[in-house]
Structure formats: structure tokens, C-alpha cells
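The following note sets out, point by point, what may be read from the model. Please consult it alongside the sequence and the coordinates.

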Amino acid sequence: MAQLYFYYSAMNAGKSTALLQSSYNYNERGMRTLIFTAEIDNRYAHSKVTSRIGLSADARVFGEETDIGSVITHEHQQAPVHCVLIDECQFLTKAQAEQLCYIVDDIDIPVLCYGLRTDFKGELFSGSHYLLAWADKLVELKTICHCGRKASRVLRYDGQGHVMSDGAQIDIGGNEKYVSVCRKHYSEAMRTVMATQCHS
Ligand SMILES: [Zn+2]
């Protein structure tokens, strides 16, 4: 029986590398995979998943309106799909998470989702919310804070290097930088921001 997997982590835990390695393992055995990534620039229907260690693979993009279930079903009719891999799965909508459940349960194709659990405010992304609720297997990909503890939070820094405590959940193309930290150092950074705001 196929299963729905959610591989989650903070930033820079090697999610894309893990996704590409899994896809490679299928391909090596002559099996076909479909890779999706979130739409960052809506001019393109195709994109790439790239990892920091230099691997990359072609990917289809999904936006909020993409009927990801129909795309997979259609592809599967053309030629059997053995595994679906979703990068940036935190951006999936509830409807798309439901479509992926259908692909697993009714079409019997395993779906491997890779993404962030929470945003820089410590809140769940929509896709992560439903995948945490519905996935068969939850797998944490670990990365560490500068102090050596497990990093479970993400700090967003603005262009001037200041920690941001507010703003839109998704801000693509800005000068922001993200750093993975442990819960303790996240809380400390947030308290510092709040103190600075009170005094200014
Ligand atoms: Zn720490």
C-alpha cells in the first residue's frame, strides 16, 4: 500500500538533497518519478529543484490553483508514475493536500512531501498543517542551531540584518535571510526585538 510522507524541518536541513536522492533511487531502478515545486515565478510551468550540494532535477510547478491530483492522474495514464515528490510542500493548500491523499489511497502511488513545518513567526504553514494531520509517516530532517541544539524555528532577518517579528508569511524575492535556530534562541531573539520596539 502506498503511503503519504511528510519530511519536515527548519531551513537548510537538506530537504532538497533528500528529495533528489529519493527520486534518483527510483530512477536507478527504472521507475518513473514526478517532481513538483512551489510556483515562485508564474511565467514558467516548469522549474528545477536544486540542492545546495549541487544536485538538480526538472520539476513541475504548483500554484494555489493547480489541480495537482489531475496533473498526476493524467501523467500516470500516459506512463506509470511510481513516486511523486513535492518540494516546498508547506505551500500546498488544503484542497491539494486532499488530492495527494487521493493519489496515495485510490491510485496507490506513494507521495513524498518535503517542506518547512513553521514560518518565521512560529506558525504552521497551510500545507504543513494538513500534512501533519494526515500523513502516514512524519519524518523530521534535523539541522542544528549555532548552540548545537536541534533547530526547530526559523528567524527572518531583513536587508539590514535585523530580526523580523512581523510581516507576510511568504515574501519571495526580498532581501530577507532565514536562519534556523533552536526554540530557546528563537525566543531570545524575539524578546530582544520586542524590547527594542518598546524603547523606540
Ligand atoms: Zn540555540
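**Notes on the predicted model**

1. E88 touches T37, A38 and G115, residues up to four places away in sequence being left aside; contact here requires C-beta atoms, placed from the backbone, within 7 Å. UniProt, in an unreviewed entry, places the feature "active site" at E88. UniProt positions follow the numbering used here, feature names are shortened, and annotations may be inferred rather than shown by experiment. E88 lies in the loop between β5 (83-86) and α3 (94-105). Helices (H or I, at least four residues) and strands (E, at least two) are DSSP runs, numbered from the N terminus. E88 counts as buried because it has 24 C-beta neighbours inside 10 Å. The cut-offs are 20 or more other C-beta atoms within 10 Å for buried, 12 or fewer for exposed, and partly exposed in between, with C-beta atoms placed from the backbone.

2. The conventions are as follows. Residues are numbered from 1 along each chain as its sequence is written. This is a predicted model, in which local features need pLDDT of at least 70 and side-chain atom pairs count only at pLDDT 80 or more, while totals for chains, interfaces and linings use all residues.

3. T37 and A38, two of the contacts of E88, belong to strand β2 (residues 33-38). Six of the six residues of β2 are buried. T33, I35 and T37 point one way from the strand, and L34, F36 and A38 point the other way. In a regular strand the side chains alternate between the two faces of the sheet.

4. β2 runs parallel to β5, to which four bridges join it; strands are taken to pair if DSSP finds at least two bridges between them. Within this pairing, L34 stands opposite V84. β2 also pairs in the parallel sense with strand β4 (residues 56-62), over three bridges, and A38 has F62 as its bridge partner there.

5. The protein chain is divided into domain 1 (4-141) and domain 2 (143-199), with bounds from an automatic or database domain assignment. Their centres, taken over C-alpha atoms, are 26 Å apart.

6. The largest nonpolar core has 46 residues, and Y5, V84, I86, V111 and C113 have the most contacts inside it. Such a core is a set of buried Ala, Val, Leu, Ile, Met, Phe, Trp, Tyr and Cys residues joined through C-beta atoms within 7 Å. Beyond its neighbours within four places in sequence, Y5 is in contact with V111, L112, C113, A135, D136, K137 and V139.

7. Three strands form an open antiparallel sheet in the order β9-β8-β10. The edge strands, β9 and β10, each pair on one side only. Strand β8 (residues 153-157) is largely enclosed by the rest of the structure, because four of its five residues are buried.

8. β8 pairs with strand β10 (residues 177-181) over five bridges; V154 stands opposite S180, and R156 opposite Y178. Two bridges link β8 to strand β9 (residues 163-164), where Y157 is the bridge partner of V163. The hairpin of β8 and β9 has five residues between the strands, and in it G161 takes a positive phi near 85 degrees.
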